[in-house]
Amino acid sequence: MSRRSWFARLFLKDEELYFFGVQLVIRAFGEDTLRRRLATVVADPDGDLQDVAAKQRYFKRIVALLLEQEPYWTHAYWEYVTGEEGQTMFEEWSAELAASSATEDEEVGDDVDQMRRLSNRKDYVAATILLLLSVPYPPGEAVTDERRYWQRETLRSLVNGILYVNPETILADAVFVMPGSPEDGLSEEDLLTGGWSHLRVIM
């Protein structure tokens, strides 16, 4: 399940860009309803509207659900990039996540597809939020000590900070839930494969 939105605004060559992306892996405990709840929130039509109030409501719902699940966050990865590279990073993250998100029948279900998955267990779900902004993202600017990168307190601040983003400063945004089906999930074995090697254990 994914949703991407580009505001109807041309990027000026001299415009400063700020990219923030965060990916959280959450323990879903097999038959838990988290996957379906995330899919429902991500599919909210408010996310597609180029309307400040609608965009604010949309991200409030997503952040509230993620913070509710904070005790079950297990792994994470995030990046904060400024300058022209910001748009490149946004596009690269979006393309890679869209390509690897399982949404077809052949990618989900009870039978393990060795080309994509190592196990059909559904213990984890990964949620990713991407923002391309026209102004700095204060929680990202505040983290200067690499020893703090993967601390739970830092990640909580990064996620919570999305609530205070002025939607008028969002040039593009995307939200992904992986695997792409609300019926599916990730296993411990899946997280050990190369496609997830970027993740860090939350301290």
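Thr-154 is a residue of helix α5 (residues 152-160); helices (H or I, at least four residues) and strands (E, at least two) are DSSP runs, numbered from the N terminus. The model is predicted: local features need pLDDT of at least 70, side-chain atom pairs count only at pLDDT 80 or more, and totals for chains, interfaces and linings use all residues. Residues are numbered from 1 along each chain as its sequence is written, and side-chain values use heavy atoms, with hydrogens and water left out.

With a relative accessible area of 3%, Thr-154 is buried (buried means under 20% relative accessible area, exposed over 50%, partly exposed in between, with a 1.4 Å probe and protein chains only). Leaving aside residues up to four places away in sequence, Thr-154 touches Val-143, Arg-148 and Tyr-149, where contact means heavy atoms within 4.5 Å.

Tyr-149 also belongs to an aromatic cluster, together with Phe-19, Tyr-77, Trp-78, Trp-93 and Trp-150. A pair of aromatic rings is described by the distance of the centres and the angle of the planes. Rings of Phe, Tyr and Trp (its six-membered ring) pair if their centres lie within 6.5 Å; planes under 30 degrees apart count as stacked, over 60 as edge-to-face and the rest as tilted. Seven aromatic pairs are found in the whole structure, and two of them are set out below.

| Pair | Centre to centre | Angle of planes | Type |
|---|---|---|---|
| Phe-19 and Trp-93 | 5.6 Å | 65° | edge-to-face |
| Tyr-58 and Phe-59 | 5.5 Å | 75° | edge-to-face |

Phe-19 is in strand β2 (residues 18-27) and Trp-93 in helix α3 (residues 85-100), so their pair ties together parts that are 74 residues apart in sequence. Both Phe-19 and Trp-93 are buried. In the other pair, Tyr-58 is buried at a relative accessible area of 0%, and Phe-59 is buried at 4%.

Phe-59 is also one of the residues that line the second largest cavity, along with Lys-55, Gln-56, Lys-60, Ile-162, Leu-163, Val-165, Pro-167 and Ile-170. On a 1 Å grid over the protein atoms alone, a cavity is a set of points where a 1.4 Å probe fits but cannot get out, and lining residues have an atom within 4 Å of a point.

Terms used:
1 Å grid on protein atoms, 1.4 Å probe; cavity = no way out; pocket = protein on both sides within 12 Å on 5 of 7 lines; lining within 4 Å.
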